[in-house]
Amino acid sequence: MKEIEVDGTLSAITASLNDVAAEFQSIWFRGQPNYEHKLIPGIFRQGPAFGVSFNEQLMFEEFKRRYPDQSSSHKTTYEWLTLMQHYGLPTRLLDWSSNLLVSLYFCCTHDDDKDGALFIYDPTIMERNYKFTEFLEMQVLDKTRNEFYDRIIYRLDYLHGGNCQLNDISLQELKDDKFKRHLMAGKHSVFNSLKMINPMNSDKYENGEFIHTYETELKLHFSNILPFKAPHLNPRIRQQHGYFTFHGGMFIEGKEFIPVGEMEDSMYTGDTLIKIKISKEDKKKLLKELLYSGISESTLFPEMEYQAKEIKSLYTSKLML
């Protein structure tokens, strides 16, 4: 990931795109008010460092149970996750926008005392090379380690003909030895040494293509990060020119079970991710420029409560007593 700094004006930021993203085929943007924060979805902000544990699987089931009327328009797991994200539940989705101004707004609206970050991302390579797999969807749906582990072992054996290992134990051995399989399933972070028996040469990234070992291929099954163009099922996605990245990884009982991939790692994004520092001193100035460009809370959040909030502010004045 390349990191740069520019002058804090819309014109300077726009001009920088001609330099740093000239070769990008497609551009997504994401604004974060704190420069130090990584590109991590809400569901992974758990564990001892955050002092909270989420049960992703039960949240997903309960949300669907309470809103059965949404099943006519939200067909897939990924579409349900966009609806959960819309209403503030922690999910494995990260919001992006094809609109630079929208992302700058989110970069500047909070943490006035901290530098912000504007991320620029070209999803084209990952759209072309990697698709959603059942391994990623399983992480949202499966409830126990044993259930998850059983499905992985049999699926990987089908995909790779038994010619791979999990933590130095062959899949065939794990299939045959249920006790050993359940012992491994009881551990945390069991995928940290996921690997194949006869790996190829070292991982490379050449000419916009991943040339990887079987080990990397397996890790991409579980910890991958994929761009996701959700249908415009609610007006906010449409208004914010919204897109998403879907992040693999899994926590169970507040502990990491499957490693969460870091989007800043070149293994996932190569040289297609750029981070621009937005100085804290420039945030208010940029918000004013954005307002002149028609970007404000009420334009980005079309729901009635946000429109009512703006109407109240427009037609309220303080009395001089």
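Which residues does Ile-278 touch, not counting residues up to four places away in sequence? The list is Ile-13, Leu-104, Cys-107, Cys-108, Asp-115, Gly-116, Leu-118 and Leu-286, where a contact means heavy atoms within 4.5 Å.

## About the model

This is a predicted model, so local features need pLDDT of at least 70 and side-chain atom pairs count only at pLDDT 80 or more, while totals for chains, interfaces and linings use all residues. Residues are numbered from 1 along each chain as its sequence is written, and side-chain values use heavy atoms, leaving out hydrogens and water.

## The largest core

Ile-278 also belongs to the largest nonpolar core, a group of 24 residues in which Leu-104, Leu-118, Ile-120 and Ile-278 touch the most other members. (A nonpolar core is a set of buried Ala, Val, Leu, Ile, Met, Phe, Trp, Tyr and Cys residues joined through side-chain atoms within 4.5 Å; buried means under 20% relative accessible area, exposed over 50%, partly exposed in between, with a 1.4 Å probe and protein chains only.)

Among the elements that each supply at least two residues of this core are helix H4 (100-108) and strand S14 (273-278). H4 gives the largest share, six residues. Helices (H or I, at least four residues) and strands (E, at least two) are DSSP runs, numbered from the N terminus.

## A buried strand

Now look at strand S10 (residues 225-228): Ile-225 and Pro-227 point one way, Leu-226 and Phe-228 the other, and all are buried. In a regular strand the side chains alternate between the two faces of the sheet.

## Out on the surface

Leu-314 sits in helix H15 (residues 304-314). Leu-314 counts as exposed because its relative accessibility is 56%.
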